[in-house]
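Take a look at the model first, and then we can go through them together.

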Amino acid sequence: MKFHFLTTQFYDDYADCDQILIKDKRPYCFSVCEVDGVLIAVPLRSTFNKFNKYVIRIPKTTGGLDLTKSVVITDENRGKYIDARRAPTVRREDYHYLLGKEYELEQRLKTFIKIYKKRYETSIDDNSLLEYCSLKYFH
């Protein structure tokens, strides 16, 4: 599992997108999988007000990975949006829990994207997933 910051350019390009977590000091966790030919960056959050089924919770903490706030990084934007110059500091308990969990993240992310796509295609959204999900900016 790799942790990176997104660049200022990313935040500038998506400044009007209110569902993207806009914190330039928030590390995004990059899954090793590509879904539909693109890299998906999932934010690592230190605190959740409440957990839902689209969160990979880190035990004994209030944090985890928030699938609903994932962002898409296309091949042509990898160099522009992934900050290779700064390395984030990740809490030890988060790092140890997530270490080796790439496959689990990949599977949960694929399932989440299938659910999102189905709700988008059918416009049936009983729990406001479409309204609060950041994937809506990457169609």
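C17 counts as buried because its relative accessibility is 12%, under the 20% cut-off. Please keep in mind that this is a predicted model. C133 is buried too, with a relative accessible area of 0%.

**Cysteines and disulfides**

- A disulfide is a covalent bond between the sulfur atoms of two cysteines.
- How many disulfides does the structure hold? The count is 0.
- C17 takes part in no disulfide, and the nearest cysteine sulfur, that of C133, lies 12 Å away.

**The cavity**

- Rolling a probe the size of a water molecule over the atoms shows where empty space is left.
- Searching the whole structure turns up 1 cavity of 30 Å³ or more.
- The largest cavity has a volume of about 40 Å³.

**What lines the cavity**

- Which residues line the largest cavity? They are M1, I56, L65, Y97, L98, K101, E104 and L105.
- By class, this lining has 6 nonpolar and 2 charged residues, with no polar ones.
- K101 and E104 belong to the lining, and both Lys and Glu count as charged.
- Two helices, α3 (92-98) and α4 (102-122), each supply at least two residues of the lining of the largest cavity.

How values were computed:
Residues are numbered from 1 along each chain as its sequence is written. This is a predicted model: local features need pLDDT of at least 70, side-chain atom pairs count only at pLDDT 80 or more; totals for chains, interfaces and linings use all residues. Side-chain values use heavy atoms; hydrogens and water are left out. On a 1 Å grid over the protein atoms alone, a cavity is a set of points where a 1.4 Å probe fits but cannot get out, and a pocket is an open set with protein on both sides within 12 Å along at least five of seven lines; lining residues have an atom within 4 Å of a point. Grid points are joined across faces, edges and corners, and a volume is the space filled by probe spheres set on the points. Helices (H or I, at least four residues) and strands (E, at least two) are DSSP runs, numbered from the N terminus. A disulfide is a pair of cysteine sulfur atoms within 2.5 Å. Buried means under 20% relative accessible area, exposed over 50%, partly exposed in between (1.4 Å probe, protein chains only).
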